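Try each task before you read its solution.

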Amino acid sequence: MEIPYNVEERQDTGMFNAKLGIWLFLASEVMLFGGLFSAYVFLRMGDVTGTFISGASELNIPLATFNTLVLISSSVTMIMSWVSLKLGEQKKFKTYLGTTLLLAGVFLVVKYFEYTAKFHHGIFPETSTFFAIYFTLTGLHMLHIIGGMVVIFYFLVPGSKMMNTESERFTNRIEIVGLYWHFVDLVWIFLFPVLYLL
Amino acid sequence: MSGQPDTHHEESFWRKYIFSIDHKVIGLQYGITALIFLFFGFCLMMMMRWQLAYPEQPMPWFGWLFGETGVMLPEMYNSLGAMHGTVMIFLGVVPLAVGAFGNYFVPLQIGAPDMAFPKVNMTSYWCYFAGGIVMMVGFFVPGGAANSGWTSYPPLADIATTGQTVWLFGMVLLITSSLLGSINTITTIVQLRAKGLTWMRLPFFVWSQFVTAFLLLLAFPPLEAAGVLQLMDRLLDTSFFLPSGLIVSGEVLNVSGGGSPLLWQHMFWFLAHPEVYVLILPAMGIVAEVLSNNTRKPLWGYKSIVYASSFLGFMSFIVWAHHMFMTGMGSTISAFFQTTTMIISVPSVVILTAMFISLWGASIRYNSAMLFALGFLPMFGIGGLTGLPLGIAASDIHLHDTYYVIGHFHYVVAPGTIFALFAGVYYWFPKMTGKTLNETLGKIHFWLSMIFINGIFMPMFVQGLAGVSRRLWDGGASYAHATDTLWLNEVMSASAWLLGLAQIPFIYNLIKSMKSGEKAESNHWDATTLEWTDAPSPPLPHRNFEVIPEVYRGPYEYSVPGADKDFTPQSEA
């Protein structure tokens, strides 16, 4: 038997199932990163030797600014891909989604150079509590980026057949991936000032 | 759903029983696995009780587990303690309450063909299963399983043996499992309610699962974050939880320092206090169903109970630091958490009172399920009321980390939650299997369990008030203050082993009835809710109902004046 409201919205709640599902998932993600940001605050309050200030000054702000712009652009192309799909322009959809994937790749490459530069200077997670939380937060964020890239790639290539067979359902799925992607973007928007600028 | 197997074609053995996406099969998988883990956790405790009653004496029959002498070493005792807590909570009670009963009966009670995301449901079970296996692997790594308590307090846990790393990986899997499960439960309840089933017509069991799912969804991620930080500490030598200048075995630890053990406690209890309500809310849900069915009366104060449980869920997020009065976090913070703790006792009392009043003037059917539900009420009452002195910072100074605490939370979870879960098994077994359980064996199971479980936990209050610490591996033999209450150790241990024997009628009853029990009718207890009135026993694979029911009334319309029978089904127009 079919499970109701998989594609169409339920009238009294105004949602299809997966949309509620993703919002709940994001709520739990807020608590995950919220917990880590709280840990940051807690550790910083107890930081008598000033490792948080001196640590932050060793981070590369221009690179991070560039990466912030990259991620914001990727969020824009993400939503454009969904809009194109809604308008039935499948070619445009593929271009925009592909661009999102590409921008995510750029973010990772920049992050790779940032990480290795730190390692060359002998800076590791064990160096101080600041770098411990820096590597944990950015590392976890990168895992989220990689997870998102896997899903985007799936919908771009092997999963794109559904576009023609069940187009409404496919559009819903892209909307959900988009919501996740915006969240990952938003986490970075918080990470950037907290780690690099404060 | 396109990937959904059609009920008309035969499924392969693997798809039907192992990697099933039918919520009923997954519920049973959860149930069976959780019961096995419950029994395993119970065995760990029975071994600990030998050591406490007869410290440093070789254990009969099972001594070979501890090497040639047959004596349990302190390290082993610590492992058993940590794993007893972990297994009971994360692998036993919660999976049984939420994974088994929630999974099986939420869709049935709301008139849905399945959970909203069947494949996620399957993934959730297999994450739980993998988490359980990883936890068990811990026993075989060098140094044994995790031995820093189920709370894993650093710095101890940071420098503990490999078993702790295994524990953390196991927890990550278990957290993933309950995250997926809770998303599924909430979506199912919001989206898949049958036509006419408004929020205030939901059986209270569904409400309890709904609030529980929110607690799991929002409280577990911070523990996951904490687990990641502790893994970083253990594997990459960071110092999140290690203060500067920490001395281990006479030498200053070679780490950067600057961390705080208190940070772990905050992050841990932010989960672990809501977790207490994850343990108790589904239990209250089951008791509500069984009570109203066997009193043949509506549940007294249904709306109050619903509002109280939602308020309880909300408040449970802001009471966590009452576990930390002794850490020196300051009297201002203690005062705040003491106040919130007193406030949270109000909704619990509202719920319990409403349940007691439900008994007023009823002609009660004393079947096994009802006996366990009735047992739950005073037992949870004792557990709850003994918690108040622990929630007040001043009296907590004396009681903290004594056997009084152990007595308190075991009254909540063991004769509280686990009795309610037994009630659930007796109440819903006919629905799940189509067979009835033997009532005589059920009553024997109840009375013996009731006597012996009090034999274990009541003396703990006495020992705790006398000041016996919960951490002593010799049961207090080396502790001067314990002398007067030391004899109670043997009473408690004997009760524990007898309680183990008292489960034999239950296990026998389950297996025997499953094979050759009497056939159950589809509405075996003359109940009003959809799982009894509209689905056959057992419900149809993959769709539950012949026709998805419509709902016209509230969940507990028993003995309605003027009705032709003493129950009016929700689906009766």
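Helices are DSSP runs of H or I with at least four residues, and strands are runs of E with at least two. Keep in mind that this is a predicted model.

**Exercise 1. Describe the fold of chain B and decide how compact it is.**

Step 1. Take the elements: chain B has 17 helices and 2 strands.
Step 2. Compare sizes. The globule rule gives 25 Å for 573 residues, and the radius of gyration of chain B is 24 Å, close to that value, so chain B is as compact as a globular protein of that length.
Step 3. Check burial. A residue is buried if 20 or more other C-beta atoms lie within 10 Å of its own. In chain B, 55% of the 573 residues are buried.
Step 4. Look at contacts between residues at least 6 apart in sequence. In chain B, 78% of them join residues at least 24 apart.

**Exercise 2. Where does chain A touch chain B, and with which residues?**

Step 1. Count both sides: 35 residues come from chain A and 38 residues from chain B.
Step 2. Find the helices. On chain A, H1 (17-45) and H5 (129-156) each supply at least two residues. H1(A) gives the largest share, 14 residues.
Step 3. Sort the chain A side by class: 17 nonpolar, 13 polar and 5 charged residues.

**Exercise 3. Which residues of chain B have pLDDT under 50?**

Step 1. Turn to chain B. Its mean pLDDT is 94, and 98% of its residues reach 70 or more.
Step 2. Name the stretch: over residues 1-7 of chain B, pLDDT stays under 50.
Step 3. Apply the rule. Where pLDDT is low, predicted coordinates should not be read in detail.

How values were computed
Residues are numbered from 1 along each chain as its sequence is written. Chains are lettered from A and ligands numbered from 1 in the order in which they are written. This is a predicted model: local features need pLDDT of at least 70, side-chain atom pairs count only at pLDDT 80 or more; totals for chains, interfaces and linings use all residues. Two residues are in contact if their C-beta atoms, placed from the backbone, lie within 7 Å. Ala, Val, Leu, Ile, Met, Phe, Trp, Tyr, Cys and Pro count as nonpolar, Asp, Glu, Lys and Arg as charged, and the others, Gly among them, as polar. pLDDT is the predictor's confidence in each residue, from 0 to 100. The radius of gyration is taken over C-alpha atoms; the globule rule is 2.2 Å times the number of residues to the power 0.38. A residue is buried if 20 or more other C-beta atoms lie within 10 Å of its own, exposed if 12 or fewer, and partly exposed in between; C-beta atoms are placed from the backbone.
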